[in-house]
Amino acid sequence: MSAEVFSGLWSEIESIGRVSSGGYMRYALDTPDLVLRDWFRNQADRRDMPVTDDGNGNLFAWWGDAWGRDAVLTGSHFDSVPHGGGYDGPLGIVSGFLAVDQLRAAGHRPARPMAVVAFVEEEGGRFGLPCLGSRLLTGAIDPAKAAALTDREGVTFGEALGATPAGPLPGLTSRISALVELHIEQGRQLEVPVGVASAIWPHGRWRFDFTGHGDHAGTTRMADRRDPMLTFAYTVLAANKEARLAGAHATMARVEVEPNATNAIPSLVRGWLDARAADTATMDGVVDAVVKRATERAGRDGTEVAVTSESLSAEVTFDTELAARIAGMLGDAPILPTGAGHDAGVLSAQVPTAMLFVRNPTGISHSPAEHAEPDDCAAGVDALATVLRELT
Ligand code: HGY
Ligand code: MN
Ligand code: MN
């Protein structure tokens, strides 16, 4: 694959959902996502690849019998975090179509069906639960619960989807023999264009509701205040400290304040904790320590704190034999873990899965500055084509 051919297809989607920050606002099933889903169908049509929808919002473009036995899937997601980068997700889908082109040009005739997949709501940016589409496909979430998830405007996932999600595909594990997801690397770990994933850190999201007494900013004595913003601010610092002490990662980057007025002491501050670590015990230890310190501080501030676990993603160890086999196909590509969650991680609970990482020169992701070089992206397509050829 040449960088020019890669850039040619890449340029077709590059501007979809991009905003003035240079980042992307691609929320699941929102307008830019619907445009990308139409682009996906158009790409499939151009390649005589029939498209099926699994009733959960995930799209599958087929080369061979749709849902024939032992299918090999590749793909990723279109949705982004707000003002996120353009590669996180779409790179895996564009590379999937280009890998099909490359295999066909080389005369490959797959002995088993293949599909390029677009998983819905991987980031959880709109409905709050990451990997929603792949959790539905694998039965990891109850369809009614998924349908009831709401976005900031109060629109439910069921309304956005236009139906109650179908839930798990019957006989999934016999229908899929492997999933290979290609994704931009999101750390600073790759010195060569392509790597292979070994594991995904366990990670989760917890919502902290800090409640206090709303009051006038100008007339309320400092000694009389029950200000939840203080408890929140302390908790942000505590999360950072506990993560550093444990060698884990903790972030509080999303906050909602009521009434969110310059001259009113808040009655409620809602803050989300994203915590991750190389193992579950360490992650749990960090979260417990943060909850303990937030609760103690609330006692001093005269406020209340309630913590709700909103999503949990268990530790993933990818199929080691498959990872080693793939690394071998790619001239001993490096095998490395990641702290980022992926749909492949969800599917790994049921089917053999692997991930290919494409070098990210700065390691920056979930930011408009996210970037991968066309040469490395083209090398990623070559690697994906090699793996898909061997697996089919
Ligand atoms: O948050 C993550 O790890 C992924 O980008 N959903
Ligand atoms: Mn992401
Ligand atoms: Mn991603």
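Predicted model: local features only at pLDDT ≥ 70, side-chain atom pairs only at ≥ 80, totals over all residues.

Residues are numbered from 1 along each chain as its sequence is written, chains are lettered from A and ligands numbered from 1 in the order in which they are written, and side-chain values use heavy atoms, with hydrogens and water left out.

Start with the manganese ion that is ligand 3. Its donors are His77 through NE2, Asp88 through OD and His183 through NE2, at 2.1 to 2.2 Å. A donor here is an N, O or S atom within 2.8 Å of the metal, or 3.2 Å for Na, K and Ca; water is not among the atoms, so sites may look incomplete. The sequence spacing of these donor residues is H-x10-D-x94-H. His77 is in strand β3, residues 71–77, and His183 is in strand β5, residues 176–184, so this pair links distant parts of the chain, 106 residues apart. Strands are DSSP runs of E with at least two residues, helices are runs of H or I with at least four, and both are numbered from the N terminus.

Now the other manganese ion, ligand 2. Asp88 (OD), Glu123 (OE) and His366 (NE2) are its protein donors, at 2.0 to 2.2 Å. Asp88 bridges the two manganese ions, ligand 2 and ligand 3, which lie 3.5 Å apart. Glu123 is in the loop between β4 (114–119) and α4 (132–137), and His366 is in the loop between β15 (353–358) and α12 (374–391), so the pair ties together parts 243 residues apart in sequence.

Which residues surround ligand 1? They are Glu122, Glu123, Arg276, Ala340, Gly341 and His366, counting a residue as near if one of its heavy atoms lies within 4 Å. For polar contacts, the cut-off is a pair of N or O atoms within 3.5 Å. A polar side-chain atom of Arg276 is 2.7 Å from a ligand 1 oxygen. In Glu123, a side-chain N or O atom is 3.0 Å from an oxygen of ligand 1, while a polar side-chain atom of Glu122 is 3.1 Å from a nitrogen of ligand 1. The protein covers 94% of the 210 Å² of accessible area that ligand 1 has on its own, by the Shrake-Rupley method with a 1.4 Å probe.

Last, the loop between β9 and β10. Pro259 lies in this loop, and the peptide bond from Glu258 to Pro259 is cis, with omega near 5°. Most residues other than glycine have a negative phi, and most peptide bonds are trans.

Definitions and conventions: Polar contact = N/O pair within 3.5 Å; in protein donor to acceptor, adjacent residues only side chain to side chain.
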